[in-house]
Amino acid sequence: MKTRFIFIYCFIALSFNLLATSKNDFVYVEKGQFKVGNASYYYIGTNFWYGAILGSEGEGGDRERLTKELNFLSRNGICNLRILVGADGESRTNKVEPALQVSPGIYNDTILAGLDFLLMEMSKRNMRAVLYLNNAWEWSGGYSQYLEWAGCGKAPVPSVDGWNTFTQYVRQFVVNEKSKNLFRKHIKFMINRTNRYTHTKYKNDPTIMSWQIANEPRAFSEENKETFAQWIHETAAYIKKLDKNHLVSTGSEGMAGCEGDIRLWEKIHADPCIDYANIHIWPNNWGWIDKKTPQASVEKASENSLEYIEKHCALIQQYQKPVVLEEFGYPRDNFSFIPGSATTGRDTYYQTLFNLLYTNSRTQGNFAGCNFWAWGGSGRPSPKQVFWEKGYDYLGDPAQEEQGLNSVFDIDATMRVIRQYTGLLNSHKE
């Protein structure tokens, strides 16, 4: 009798604890705003895709640097990190190493431990993680690696085989059932994982803000648009079935990642299984800046960016969902890659976007977050060559990009702008 009473008591206590956690600790959406507890949640964060690698004790790991980076970010009010959870497959040109999923369903345990450690350390600092599970691009495997595993032939590399060859290959992903099923198994594995340090299942960990389907998912063709939208819906619904606690997001670039079709972007974010909307902005890639002196083009880039944000925010407002600009970058003056070099154009550009975010936080607008691309921190590029190779520091720029191109380093003047606006946001939390 006593044993039964204790069991019932513990069950009731656990149930109340879970209810309290779901309301007070997890990020949720209410009337177009992010909330934590009863407070609105507007934030400036960064992209920290290599966090799980840095948190490992194996190849590429550096826990001392990781804790140093987290301390620095936290002190400066940057408490939302967008993190890769899906470097897949074998070593190849321009690809992240080491991989998390080395072959279908076979995982590098040291990287899993690195992710566990990262989430534990983030929780100590009250930080939030957006975990993206796939990637449309080759630099972490993603679409192309799943297709190769599904028997579609050797995955091409854009810098070697050409852009058209690559896009013709990856457009198969959303119509290939085998590749999608392999990815679905990865989703299930990650969501059901238990952190070895905290003994908390990922699905019950409020440190995680959102599961994100992919980094910049695309249809890659006009004829795939409907199939792409259906895949987004099915994947989001599957995540929701496995995990009732966390938000689900797409990882979309916006109209630019939807074959130029803003209605397709609206459709995938109107889906009830998608909790908030994503956009990315790349002035350099989109031809908005002078290739030699980007600092001279900041006014044009800023105007175009504000228009892009406001167009997407206005369209999604009817669905009462927040919008997050979760990737944006701006080159250093004169395209320098050197840490600490002049960033006058970048700083002005960042200030423009952060000011819009701050204004929305005061008016309860639906533009709710910015994650700049990307965190370089205390890492430093090699003085010998421009591109990353094994053994060099991990920076915000993936292996296929010039190291230092978009990275924000701890010694950059840009930190002054970031501190100014994180301070403003944190001082006006409700």
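Reader: Why are H8 and H9 called roughly parallel to each other?

Author: Their axes cross at roughly 25°. Angles under 35 degrees count as roughly parallel (over 145 is roughly antiparallel, 65 to 115 roughly perpendicular, the rest oblique). H8 and H9 are therefore roughly parallel. This is a predicted model, where local features need pLDDT of at least 70 and side-chain atom pairs pLDDT 80 or more, while totals for chains, interfaces and linings use all residues. Residues are numbered from 1 along each chain as its sequence is written, and side-chain values use heavy atoms, without hydrogens and water.

Reader: How do you know where H8 and H9 lie, and within what distance their axes come?

Author: H8 covers residues 177–191 and H9 covers 225–242; the axes come within 10 Å. Helices (H or I, at least four residues) and strands (E, at least two) are DSSP runs, numbered from the N terminus. Axes are lines fitted to C-alpha atoms, for helices over the stretch in contact, with angles from 0 to 180 degrees between N-to-C directions.

Reader: What makes the contact between H8 and H9?

Author: H8 brings Lys180, Phe183, Arg184, Ile187, Lys188 and Ile191. H9 brings Trp231, Glu234, Thr235, Tyr238, Ile239 and Leu242. Contact means heavy atoms within 4.5 Å. Seven of these residues are nonpolar, one is polar and four are charged.

Reader: What makes H5 roughly perpendicular to H8?

Author: H5 spans residues 142–149, and its axis crosses that of H8 at roughly 115°. That value makes the pair roughly perpendicular. The two axes come within 8 Å. Tyr146, Leu147 and Trp149 of H5 meet Lys178, Ser179, Leu182, Phe183 and His186 of H8.

Reader: How do you know which strands are the edges of the open sheet?

Author: Three strands are ordered E1-E2-E3, with antiparallel pairing. E1 (27–30) and E3 (39–40) each pair on one side only, which marks them as the edge strands. Two strands pair if DSSP finds at least two bridges between them. Four bridges join E1 to E2 (residues 33–36). Val27 stands opposite Val36 in E2.

Reader: Why is Thr422 called buried?

Author: Its relative accessible area is 5%. Buried means under 20% (exposed is over 50%, partly exposed in between; 1.4 Å probe, protein chains only). Thr422 is therefore buried.

Reader: What does Thr422 contact, leaving aside its neighbours within four places in sequence?

Author: Thr422 sits in H13 (residues 414–427). Its contacts are Ile44, Asn76, Gly77 and Ile78, once those sequence neighbours are set aside. Cys79 is 343 residues from Thr422 in sequence, and 9.4 Å in space, C-alpha to C-alpha.

Conventions. Ala, Val, Leu, Ile, Met, Phe, Trp, Tyr, Cys and Pro count as nonpolar, Asp, Glu, Lys and Arg as charged, and the others, Gly among them, as polar.
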